[in-house]
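Here's a quick briefing to read alongside the model. Have the viewer open and follow along topic by topic.

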Amino acid sequence: MQKISSRSIIRTLILILVTLAIFLILKKTYGIDFRTILQLDRHYLWLAILVTLPFPFLSALRWYYTLQGMDIRLAFSKALRLIMGAWPLSILPGRLGDFAKIFAVDTAKELVIGSIIFEKVVDVLVLASFSVI
């Protein structure tokens, strides 16, 4: 059984405090009332959560196959960990947090940057095609 370090507990507590601080700032600055979440239709709320759950897995799968197509060998488990690690940074404009994945891949950095840019281009093309439809 894996032992939880005190360092991990401290990091988790810091993240919880930062999250609470962000919520308080949003509430004070914009007058957002988070109680409205309780008024949501439970059926649609659970459907939204269900649709969101596979997102990290599918994102990692897409990036994994993009890297494979560029002859960059990376284990799927590492791709998934990097996607999950970059996810909190997605609050940055343009999802610039995705570029944090560059530092954890042991290959030519310009190729990894190219794979991330390619993913973003594909995202824009898919969104454009949805808007046309």
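Which backbone oxygen lies 2.8 Å from a polar atom of the side chain of Thr 66? That oxygen belongs to Arg 62. Keep in mind that this is a predicted model.

**Around Thr 66**

- Thr 66 sits in helix H3, which covers residues 55-69.
- With a relative accessible area of 12%, Thr 66 falls below the 20% cut-off and so counts as buried.
- Leaving aside residues up to four places away in sequence, Thr 66 touches Ser 115, Phe 118 and Glu 119.
- One of those contacts, Glu 119, is itself buried, at a relative accessible area of 6%.

**Salt bridges**

- There are four salt bridges in the structure.
- As a general point, side chains with opposite charges can pair up when their charged atoms get close.
- Asp 123 lies in helix H5 while Arg 62 lies in helix H3, so the pair links parts that are 61 residues apart in sequence.
- How exposed are the two ends of that second bridge? Arg 62 counts as partly exposed at 33% relative accessibility, and Asp 123 is partly exposed too, at 30%.
- Through shared partners, salt bridges join Arg 62, Lys 101, Glu 119 and Asp 123 into one network.

**The loop between H3 and H4**

- Asp 71 is located in the loop between H3 and H4.
- Asp 71 has a positive phi of about 60°, although it is not a glycine.
- Asp 71 has a relative accessibility of 61%, which is over the 50% cut-off, so it counts as exposed.
- Asp 71 makes a salt bridge with Arg 73, where the closest N and O atoms are 3.6 Å apart. Both of these residues are exposed.

**The nonpolar core**

- The largest nonpolar core has 12 residues in all, among them Ala 60, Trp 63, Leu 67, Leu 82, Val 105 and Ile 116.
- Which helices supply at least two residues each to this core? H3 does, and so do helix H4 (76-86) and helix H5 (109-132).

**A nonpolar patch on the surface**

- Nonpolar side chains show up on the surface as well: Ile 4, Ile 9, Leu 13, Ile 16, Leu 17, Leu 20 and Phe 23 form a patch there.
- Together, these patch residues have about 700 Å² of accessible area.
- Phe 23, one of the patch residues, is placed in helix H1, residues 6-30.
- Phe 23 has a relative accessibility of 39%, which lies between the 20% and 50% cut-offs, so it counts as partly exposed.

Terms used. Residues numbered from 1 in each chain as written. Predicted model: local features only at pLDDT ≥ 70, side-chain atom pairs only at ≥ 80, totals over all residues. Heavy atoms only, no water. Patch = residues over 30% accessible without salt bridge, like charges linked within 9 Å, V, L, I, M, F, W, Y side chains within 5 Å. Areas by Shrake-Rupley, 256 points an atom, 1.4 Å probe, with all protein chains shown as cover. Helix = DSSP H or I, 4+ residues; strand = E, 2+ residues; numbered from the N terminus. Buried < 20%, exposed > 50% of the residue type's maximum accessible area, 1.4 Å probe, protein only. Polar contact = N/O pair within 3.5 Å; in protein donor to acceptor, adjacent residues only side chain to side chain. Contact = heavy atoms within 4.5 Å. Core = buried A, V, L, I, M, F, W, Y, C linked by side-chain atoms within 4.5 Å.
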